[in-house]
Structures are given as C-alpha cells and as structure tokens.
Amino acid sequence: MDKRFFSDLWNKRRSAWTFGLCLTGVLVLGSIVALDKVQRTEEVQPETAMEQAYLEDEELFDDAEEVNDTLISALEEENNNESAAAANSGEVQENADSLSEVTDHGIVAGNTEGQLDAAAQAGLDGNAAVTDETMAEASSSNIISEESLLAANVAFDESDTLLWPAAGTILIDYSMDGSVYFPTLNQYKYSPALVIGSETGNQVLSAARGIVESLKTDEVTGLTMTVNIGNGYRLTYGQLKEAAVQEGDVVETGSLLGYVSEPTRYYTKEGSNLYFQMTQNDTPVDPILYLE
C-alpha cells in the first residue's frame with residue numbers, strides 16, 4: 001500500500017515536471033522568435049529611410065541640373081547677342097570710314113551730318129542699333145594721308161626747326177628717361193611734353209607749317225589741338241582757349257592757333273601754361289631738340 005502510493009506520487013510529479021519543462025521550452029522558443037522578428041523590423045526600417053532620402057536627393061539633383069541647363073542656355077544666348085551687336089558696330093564704323101571725303105586741304109572729313117546719317121542708315125540696313133557712342137567714333141575718324149600732306153606742302157624734316165609757340169618759361173621739362181616732379185599732383189612721373197608757363201590770354205602760335213588734325217577737350221590738358229606737320233611728326237597744344245582755327249585748316253609757321261587758358265585742375269599749382277608735345281609716329285620726342 002505504501003509502495004504503491006509513493007510510486008503513483010512519483011509518476012505524477014514526473015509528469016508535472018515534464019509538462020513544465022515542455023511549457024518552458026515553448027515559452028523560450030516563442031520569446032526567441034519574437035525577439036528575432038523585432039530585430040528584423042528595426043533593420044528594415046533604417047534601410048527604407050535611407051532609400052527614401054536617396055530618392056529625395058536624386059529628385060533635388062535632377063531639379064538643380066535642369067535649372068543649371070536653363071541658366072547656361074540663357075548665358076549662351078546673351079553672349080551670342082553681344083557678339084552680333086559688336087559685329088554690327090564694326091560694320092557701322094567701316095561704313096562711316098568709307099564715306100569720308102578729301103577736302104580742299106586734303107583732310108579726310110568723316111564728321112559731317114550727312115555722312116553720319118549715311119553711316120547710321122548703313123548700320124540699320126544690317127539690323128544694327130546705331131548708338132550715340134558709335135556715331136561719335138565715326139565722327140572722330142579724321143585721318144590725314146601723306147599724299148594730302150605733300151599736296152599741301154607739309155613735310156617736316158629732322159633738319160627743320162620749330163618756332164617757340166608761346167612766350168614764357170619752362171615749368172616742367174620733357175623727360176622720358178627719368179621722372180620729374182609735378183607740384184599739383186605731388187608726385188614724380190614721366191613727362192612726354194613741355195609745360196611752358198605763360199600768362200592767361202597770351203597768344204599761342206603754330207610752331208611749324210601743318211594741317212589741324214583734331215581739336216578736342218581733354219580732362220588733363222583742356223582744349224587741345226593736334227597739328228600734323230608731316231613725315232609722322234605731330235605737335236599737340238594743350239591748355240588753350242578761343243581756338244582761332246578749325247580741323248582741316250592749313251596753318252603756317254607763326255599762325256595764331258588760340259590763346260593760353262586758365263589751367264585745368266591738374267596744373268593749378270603750376271599756374272596758367274601751354275602744354276606742348278611733339279611726337280613722331282605716336283612716340284614722344286623732345287621738342288627742345290628742334291626749338292629755335
């Protein structure tokens with residue numbers, strides 16, 4: 001009786017333990033499966049987020065590339081327009097030059113109103129917009145040929161001399177080998193001309209026979225006259241007022257060109273003066289070498 005009781009009790013406990021172990025195993029296995037599922041979900045989510053970010057970046061890149069292509073196209077179109085305008089401007093200049101005619105003094109006069117209108121019309125025929133600047137360039141294309149100078153008996157030679165152009169003393173000497181002091185500017189620099197101190201209103205005379213090539217106003221030298229005296233030589237007179245001659249006039253040695261003016265702001269400390277420059281083929285030459 002006792003043995004049977006203990007045997008039954010033992011069998012019941014063993015069954016309970018077996019059931020408990022199986023249940024524990026099922027719970028552990030379930031926990032492992034659940035944990036693995038969670039981990040897999042966490043790994044998938046970052047990958048999905050990265051893919052989304054990549055797609056958004058790719059869309060932004062495509063948009064930026066499209067905008068860049070649009071800007072490049074606009075710039076290329078603008079450059080083409082500028083090139084066309086420059087070509088048309090060159091054609092206007094050539095047409096204006098071709099309309100120049102030789103006057104009685106041998107000057108190629110391209111600055112009359114009728115010639116400028118013709119130059120403008122030639123430019124319009126080529127669909128070019130003729131600006132005021134282009135017209136100004138066309139009007140300033142005065143050139144004196146050597147044939148015209150010879151016809152007017154204008155031919156300066158190295159053995160010839162120059163007449164002093166105005167009464168006065170030299171304030172600033174010609175110097176292209178070393179710098180000289182300019183009082184108003186308070187600096188040393190090269191001097192391509194003579195600065196002759198002379199009283200305001202003094203006469204300015206032509207230093208040699210020649211043809212008046214240009215008459216213009218310059219910021220530094222004021223009213224400035226250039227006379228072509230032949231063989232590549234030119235004389236420039238600055239700080240003038242009341243010019244007595246015009247472009248294209250033939251002037252004799254000693255002819256009145258104008259009068260000494262008040263100095264420009266670049267020569268206030270030097271006082272009233274005549275700016276006198278000599279060049280040969282546009283290279284400065286020392287006038288002292290030829291002055292009497």
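**Figure 1. Aromatic pairs in the predicted model.** Rings of Phe, Tyr and Trp (its six-membered ring) are paired if their centres lie within 6.5 Å, with planes under 30 degrees apart classed as stacked, over 60 as edge-to-face and the rest as tilted. Phe156 and Tyr233 form an edge-to-face pair, at 5.2 Å centre to centre and 65 degrees between the planes. Phe156 belongs to the loop between α4 (146-151) and β4 (169-172) and Tyr233 to strand β11 (residues 233-241), so this pair ties together parts that are 77 residues apart in sequence. Helices (H or I, at least four residues) and strands (E, at least two) are DSSP runs, numbered from the N terminus. Phe156 is buried at 5% relative accessibility, and Tyr233 is buried at 2%; buried denotes under 20% relative accessible area, exposed over 50%, and partly exposed in between (1.4 Å probe, protein chains only). Together with Tyr290, Phe156 and Tyr233 form one aromatic cluster.

**Figure 2. The tilted pair of Tyr237 and Phe276.** The ring centres of Tyr237 and Phe276 are 5.4 Å apart, with 50 degrees between the planes. Tyr237 lies in strand β11 and Phe276 in strand β14 (residues 273-280), so the pair joins parts that are 39 residues apart in sequence. Tyr237 is buried, at 0% relative accessibility, and Phe276 is buried, also at 0%.

**Figure 3. The largest nonpolar core and the surroundings of Leu235.** A nonpolar core is a set of buried Ala, Val, Leu, Ile, Met, Phe, Trp, Tyr and Cys residues joined through side-chain atoms within 4.5 Å. The largest such core has 27 residues, and those with the most contacts inside it are Phe156, Leu162, Leu235, Tyr237, Phe276 and Met278. Two or more residues each come from β7 (194-197), β10 (222-230), β11, β13 (256-260) and β14. Strand β11 gives the most, with 4 residues. Beyond four places in sequence, the contacts of Leu235 (heavy atoms within 4.5 Å) include Leu162, Met225, Val227, Ile229, Phe276 and Met278. Another core, of 6 residues, lies apart from the largest one and has Phe182, Ala193, Val195 and Tyr275 among its members.

Figure 4. Tyr267 is placed in the loop between β13 and β14 and is buried, with a relative accessible area of 5%. The C-alpha atoms of Tyr267 and Gln239 are 9.7 Å apart, at a sequence separation of 28 residues.

**Figure 5. Model confidence and the chain as a whole.** The protein chain has an average pLDDT (the predictor's confidence in each residue, from 0 to 100) of 75, and 58% of the residues score at least 70. Over residues 95-141, pLDDT stays under 50. The chain contains 4 helices and 15 strands, and 30% of its 292 residues count as buried. Residues are numbered from 1 along each chain as its sequence is written, and side-chain values use heavy atoms, with hydrogens and water left out. Local features need pLDDT of at least 70 and side-chain atom pairs count only at pLDDT 80 or more, whereas totals for chains, interfaces and linings use all residues.
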